[in-house]
Amino acid sequence: MTYAMHTAAERPDLWARGIPSEAVWPEFNLHGDVLNAWWGHLDEELADFQFVLYDEHNDDVVAEGHTGSLWWDGSDATLPDGIDAAIQQIFGRHRGNESVNTLCALAAESPRQGRSRGLAPRLLQAMREIGQRHGLAHLVAPVRPSFKDRYPLTAIERYVTWRREDGQLLDPWMRAHERLGARVTTALPRSLQVTGTVGEWESWTGMTFPESGDYVFPEGLTTVHIDRSQDRGSYWEPNVWMVHPDLGS
């Protein structure tokens with residue numbers, strides 16, 4: 001199956017038919033402290049960097065992607081501290097009309113029931129196309145490992161090194177990136193912050209948190225810290241930077 005890529009700027013009609021976030025992410029992921037402050041501005045200010053994959057034969061929008069541009073000197077040590085830091089830099093540079101040279105992937109979204117359709121390579125290819133259109137040199141991604149929720153007590157620094165017997169990365173989403181030439185770089189234990197009241201966290205997770213402490217919860221990549229005295233739940237989602245081959249290669 002061939003899927004055409006169209007940006008939100010090119011086909012706002014298709015963009016309006018995009019993938020609902022609740023069809024992609026667990027509920028708690030829709031409440032990022034920093035990410036949510038900026039997410040709604042992506043298609044308003046950076047429409048050329050947001051895109052859909054369109055199945056023309058069936059008149060179906062099958063996936064969408066979110067990206068933005070930032071500046072990176074090419075050293076792993078200077079990559080942003082996580083997706084929160086990355087999106088802040090993206091908008092800071094855009095609004096300040098500052099130089100950029102790197103496309104940063106922010107999300108590749110397809111409905112959960114459609115994830116066996118082989119969309120991952122096409123989504124990542126489309127991101128390369130976006131970066132090349134804008135004359136950018138690099139493509140980087142703060143990857144959310146798709147199997148990390150099966151190992152919430154394992155440090156992200158260890159998890160991202162795990163490989164199968166055939167030598168490929170254990171994590172399927174990381175593996176999809178690596179198959180297209182990306183390399184694993186910096187583990188990000190504090191990439192995306194989500195805070196809320198205890199009641200909000202109970203609603204988001206379908207759990208009860210009877211006392212303060214750290215809890216494993218459904219689809220969480222690590223634990224959430226519950227402080228009942230402060231009526232607060234705090235979670236830092238871990239990610240990992242993966243760096244793709246330069247866009248000119």
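In helix α4, residues I83, D84, A86, I87, I90, F91 and R93 are buried. The model is predicted. Its largest nonpolar core has 62 residues, and its second largest pocket has a volume of about 210 Å³.

**Helix α4**
- Helix α4 spans residues 83–95, 13 residues in total.
- From first C-alpha to last, α4 reaches 18 Å, close to the 18 Å expected at 1.5 Å a residue.
- N97 follows α4, and its phi is positive, near 55 degrees.
- D84, one of the buried residues of α4, is in contact with Q193.

**Q193 in strand β6**
- Q193 sits in strand β6.
- Q193 counts as buried because its relative accessibility is 18%, and the cut-off is under 20%.
- Beyond its neighbours within four places in sequence, Q193 contacts G32, D33, D84, R232, S234, Y235 and W236.

**Nonpolar cores**
- M174 touches V143, P145, Y159, V160, L169, V184, V240 and M242, with residues up to four places away in sequence not counted.

**A176 in helix α7**
- A176 belongs to helix α7, residues 172–179.
- A176 has a relative accessible area of 16%, so this residue is buried.
- Leaving out residues up to four places away in sequence, A176 touches A120 and L124.
- A176 and A120 are 56 residues apart in sequence, yet their C-alpha atoms are 6.7 Å apart in space.

**Second largest pocket**
- Strands β6 (183–196), β8 (224–227) and β9 (232–243) each supply at least two lining residues.
- The largest share of the lining comes from β9, with 4 residues.
- By class, the lining has 10 nonpolar, 5 polar and 3 charged residues.
- β6, which contributes to this lining, is also the strand that holds Q193.

Notes: Residues are numbered from 1 along each chain as its sequence is written. This is a predicted model: local features need pLDDT of at least 70, side-chain atom pairs count only at pLDDT 80 or more; totals for chains, interfaces and linings use all residues. Side-chain values use heavy atoms; hydrogens and water are left out. A nonpolar core is a set of buried Ala, Val, Leu, Ile, Met, Phe, Trp, Tyr and Cys residues joined through side-chain atoms within 4.5 Å. Buried means under 20% relative accessible area, exposed over 50%, partly exposed in between (1.4 Å probe, protein chains only). Contact means heavy atoms within 4.5 Å. On a 1 Å grid over the protein atoms alone, a cavity is a set of points where a 1.4 Å probe fits but cannot get out, and a pocket is an open set with protein on both sides within 12 Å along at least five of seven lines; lining residues have an atom within 4 Å of a point. Grid points are joined across faces, edges and corners, and a volume is the space filled by probe spheres set on the points. Ala, Val, Leu, Ile, Met, Phe, Trp, Tyr, Cys and Pro count as nonpolar, Asp, Glu, Lys and Arg as charged, and the others, Gly among them, as polar. The expected span of a helix is 1.5 Å times one less than its number of residues.
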